[in-house]
Amino acid sequence: MKAPVRSSDAFAPVKISSAQVADIVTEIRNDIVRGVIAPGAPLGQEALAERFGVSRMPIREAIRHLETMGFVNVESNKRTHVAETSLNDFRDIYDMRLALECVAMRSAMAHLTNAQIDGAERIQQDIAEAGPLSFGQLNHAFHMTLYRPCNRPRLLSQVDILFNAADRYLCILKAPPGMRAKSDAEHIELIEACRKRDSAAAEACLRRHIGDAAALFEEQFAE
């Protein structure tokens, strides 16, 4: 695929209870996203342990997280290599995002407070003024602020994993002209639907928001 068009620093931080493992996961993920480690490249535990100055235990844990996030594949013989990027993988990520985020939004609606909606609105105000380096983290925070009240940890964990998986592609694919303005307008529409506690309108907006973005980015695979 193409060289990265956005810095991996623009995207959501890795959230793991062990700071040491989180740092290792973040650095390897960023190298994969930047293309420093190519798709299909092997990741040897011994070399990684030497690089980070740690034992193999945190490396093994980091690899498990990276596999869950979709950045690496671990074979039956325990050999690890960087996952390839593909149109089918991209479609899988966005189809799953569409399904799970709609469930999260629907489940959260009855529990959303005005303060939480106000918080999402403040984040959107920041997004409107943000450059590309901070957009990803703010966009992630906006969505999770609205989903988190669903109080479904397993669901939210999967949504977070899919955001990370999508980040790899969003570093490579270029946002089409007008996409930021469209995204901002849809965020505002989603906030208004939440204020009205209109679950159907919120879900319809979200389906359009995620589905249209996927379709626009998908066109670049043919280029």
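Student: How are α4 and α9 oriented to each other, roughly parallel or roughly antiparallel?

Tutor: This is a predicted model, where local features need pLDDT of at least 70, side-chain atom pairs count only at pLDDT 80 or more, and totals for chains, interfaces and linings use all residues. Residues are numbered from 1 along each chain as its sequence is written, and side-chain values use heavy atoms, with hydrogens and water left out. Helix α4 covers residues 87-108 and helix α9 covers residues 199-218; helices (H or I, at least four residues) are DSSP runs numbered from the N terminus. Their axes (lines fitted to C-alpha atoms over the stretch in contact, with angles from 0 to 180 degrees between N-to-C directions) are 9 Å apart at an angle of about 170°, and because angles over 145 degrees count that way, α4 and α9 are roughly antiparallel.

Student: Which residues in α9 meet α4?

Tutor: Contact here means heavy atoms within 4.5 Å. From α4, the residues taking part include L87, F90, Y94 and R97. Their partners in α9 are S199, A202, E203, L206, R207, I210, G211, A214, F217 and E218.

Student: What kind of aromatic pair do F90 and Y169 form?

Tutor: Let's begin with the search of the whole structure, which finds two aromatic pairs. In one, F90 and Y94 are tilted, at 4.8 Å centre to centre and 35° between the planes. Rings of Phe, Tyr and Trp (its six-membered ring) pair if their centres lie within 6.5 Å; planes under 30 degrees apart count as stacked, over 60 as edge-to-face and the rest as tilted. F90 and Y169 are 5.5 Å centre to centre with 70° between the planes, so by that cut-off their pair is edge-to-face.

Student: Where in the chain does Y169 lie?

Tutor: F90 is in helix α4, and its pair with Y169 links distant parts of the chain, 79 residues apart. Y169 lies in helix α7, residues 153-170.

Student: Why does M96 count as partly exposed?

Tutor: M96 also lies in helix α4. Its C-alpha atom is separated by 8.5 Å from that of V159, 63 residues apart along the chain. M96 counts as partly exposed because its relative accessibility is 42%.

Note on methods:
Helices (H or I, at least four residues) and strands (E, at least two) are DSSP runs, numbered from the N terminus. Buried means under 20% relative accessible area, exposed over 50%, partly exposed in between (1.4 Å probe, protein chains only). Angles under 35 degrees count as roughly parallel, over 145 as roughly antiparallel, 65 to 115 as roughly perpendicular and the rest as oblique.
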